[in-house]
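I opened my notebook to look up a few places in this structure. My entries follow in the order I made them.

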Amino acid sequence: MHPRLSLLALGVALGLAASAHAAEPAAVEQPKLTAQTLASGGTMPAEQARLHFDHADLHFTIDPARRHLDGEATLRFTAREPTDVLLLDLDKNLPIRSIAVDGKTLARSAWSNPDGRLRIHLPKPLAKGGSVSTTIAYGGQPHVAKRAPWDGGFVWSHTDDGQPWIASAVEGEGCDLFWPCIDQPTGEPDLVDTWVTVPEALAAPGNGVLVGIKDNGATRTWHWRIKQPDTYAITLNVGPFEELKGNYKSRYGNTIPMELWYLRGHEAGAKALFGEFPRMLDFFEQEIGPYPFGDEKMGVVETPHLGMEHQTINAYGNGYPKSEYGFDWLLQHEFAHEWFGNQVTNRNWDDMWLHEGFGTYMQPLYGQYLHGDMPYFAMLHDERMKLTNAVPIVSGQPKTEEGVSDGKLGPGLDIYYKGSLMLHTLRGLIGDDAFFESVRRLVYGRPDPRPGNFKPRYATTQEYMDIVDQVTGKDLKWFFDVYLYDAKLPRLESSRHGDTLQFRWVTGHGEPFPMPLEVQLGDTVHTLAMADGTGELQVPEGSLMIVDPRSKVLREMPHAEAFQAWEKAQKTEKKAKEKGGKKD
């Protein structure tokens, strides 16, 4: 299993079942990925920073029987600064047949791709503001994911009746697993056209808007067009799909096409899932703002892996389960990424909590929207029991995707859970009006989004902190320092002197933490300002007292840590017994 964040673990934390309805593909012998291809993100090379990515025209021909991909990519760039080279990313295990620049084929000596970083020397230097296009013909057997989406690559699967069922999922390792790209969060092209040629009996739902389908006889070519997609959100999906279609009348006056592509025989589950689309759209548009891609579609495709936030065509492989919370957590989580990940994209993977913390908080928030406080707090409690608090969720340094998502190298699942719980605490601190305005400004870059007055954007943790300060008129650096840049949670200590109970916040590095604290005595809730991190209250011996009765503050909780330690010991003991039994 790839160390990347586990969507299955996320589902378990939310108390929901996650099941796939296709067996995982068998392990295959394949060339190893280079360290360069395995890594996605990090510090962008200067040669890539000089380029603005205008357009990607991507032609794919898929041969399911041979598990083979032929590709031809024509990429157009504008120079932000003078340059004499195009530096791209493409898995070296997809051999390149030819490369042309502005229509002229280059000599083989003009380009090299020894480790997955493709360097193309331009025939003549490109001045600032100048444009250049390159056409790269390549192909081979793309890297196969052993357990997508935990590791990246293609999934070559089959339906129950033996027909090809294929998907790609490449968030961790990046777009370079199957097309030449700039494998950085900020490497988004302004416009992407995908042309996917597949056997005529199969469909190829894709990102954006369907431009047309060309009948080639034994094959058909599906042409899709999407504006400014995340690089890892470009996807290929092939199978004998049926389609459900409908329209959603938005509260903003526009009409949003809805599409669900599902396997034959799964119609009942697909119809039930499709029925959830309108209320999810209403929730997000009411709480956050306009669906960012309303002029394209809200799309979902059934996949042989659990799921991934592919822009306008979210991958879904959760098996259409029923839930005690009344909604499909996976669909809701991936759909949340249309706002948090696809509309607003982290500038660097170090800020990945902007995708996953907000994306995870949307599930309890949606539970509250549907059914009130009970599911809201139930889901937050499950998240709380999964925190590790071993590494800060933001380091302040450029990171690769793996450097953040691998729980041994970085914060791992805490960018989901701690990010979500921190947002719950922030909401309680600044109030709903300020909280949701800060979210809208983060997502859209403005407080008054309407269809047509915003476009996808990039953001950082610091920018969100600045937004919150601007909206509230307060300096909340103390809050973010402790929750984002400290590993340990704040600890609340108390001591009694007669009838006076004194409280004190203790943080990981002794930082100030003036977090207000509510204390309930009997039927009365008292709020302690804790301006200098301390506060006191008259609490006679024997009084009924509840600290933080509304569970507003994320903090160290001895019972949570004790449970985690017990649970870990139980798992260790079980493994030891199983190992001993095998020896017998």
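**Entry 1: Asp-486**

I began with the contacts of Asp-486. Setting aside neighbours within four places in sequence, I found Asp-486 in contact with Pro-392, Lys-418, Asp-481, Gly-508, His-509 and Glu-511. I note here that the model is a predicted one.

Where does Asp-486 lie? I traced Asp-486 to the loop between helix H13 (477-484) and strand S22 (491-497). Next I looked up its accessibility. Asp-486 has 2% relative accessibility, so it counts as buried. The cut-off I used for buried is under 20% relative accessible area.

I also took one distance. From C-alpha to C-alpha, Asp-486 and Trp-339 are 27 Å apart in space. In sequence, 147 residues separate Asp-486 and Trp-339.

**Entry 2: Gln-48**

I turned to helix H3, residues 46-49, which holds Gln-48. Is Gln-48 buried or exposed? Its relative accessible area is 1%, so I wrote down Gln-48 as buried.

I then looked for side-chain partners. The side chains of Gln-48 and Asp-89 are joined by a polar contact of 3.1 Å.

**Entry 3: helices H8 and H10**

I checked how two helices pack. Helix H8 covers residues 373-384, and helix H10 covers residues 414-430. Their axes are 9 Å apart, at an angle of about 135°. That angle makes H8 oblique to H10. The crossing of H8 and H10 is left-handed.

Which residues of H8 meet H10? From H8 I listed Tyr-376, Phe-377, Leu-380, Glu-383 and Arg-384. On the H10 side, they meet Tyr-417, Ser-420, Leu-421, His-424 and Arg-427. I sorted the contact of H8 with H10 by class: five nonpolar, two polar and three charged residues.

**Entry 4: helix H5**

I looked at helix H5, residues 277-287. How many of its eleven residues are buried? I noted eight, so H5 is largely enclosed by the rest of the structure. The buried residues of H5 are Phe-277, Met-280, Leu-281, Asp-282, Phe-283, Phe-284, Glu-285 and Glu-287. Gly-289 follows H5, and its phi is positive, near 155°.

**Entry 5: backbone in the loops**

I went on to positive phi values in residues other than glycine. Arg-67 is not a glycine, yet it has a positive phi of about 50°. I placed Arg-67 in the loop between strand S1 (51-63) and strand S2 (68-79). Arg-67 counts as partly exposed because its relative accessibility is 27%.

Met-530 has a positive phi too, near 55°, and is a residue other than glycine. The loop between strand S25 (524-528) and strand S26 (534-538) holds Met-530. Met-530 has a relative accessible area of 2%, so I marked it as buried.

What is the form of the bond from Ala-148 to Pro-149? I found it to be cis, with omega near 0°. Pro-149 lies in the loop between strand S8 (131-140) and strand S9 (153-158).

How values were computed: Residues are numbered from 1 along each chain as its sequence is written. This is a predicted model: local features need pLDDT of at least 70, side-chain atom pairs count only at pLDDT 80 or more; totals for chains, interfaces and linings use all residues. Side-chain values use heavy atoms; hydrogens and water are left out. Helices (H or I, at least four residues) and strands (E, at least two) are DSSP runs, numbered from the N terminus. Buried means under 20% relative accessible area, exposed over 50%, partly exposed in between (1.4 Å probe, protein chains only). A polar contact is a pair of N or O atoms within 3.5 Å; within protein, one must be able to donate a hydrogen and the other to accept it, and residues adjacent in sequence count only if both atoms are side-chain atoms. Axes are lines fitted to C-alpha atoms, for helices over the stretch in contact, and angles run from 0 to 180 degrees between N-to-C directions. Angles under 35 degrees count as roughly parallel, over 145 as roughly antiparallel, 65 to 115 as roughly perpendicular and the rest as oblique. A crossing is left-handed if the near helix is turned anticlockwise from the far one by less than a right angle, and right-handed if clockwise. Contact means heavy atoms within 4.5 Å. Ala, Val, Leu, Ile, Met, Phe, Trp, Tyr, Cys and Pro count as nonpolar, Asp, Glu, Lys and Arg as charged, and the others, Gly among them, as polar.
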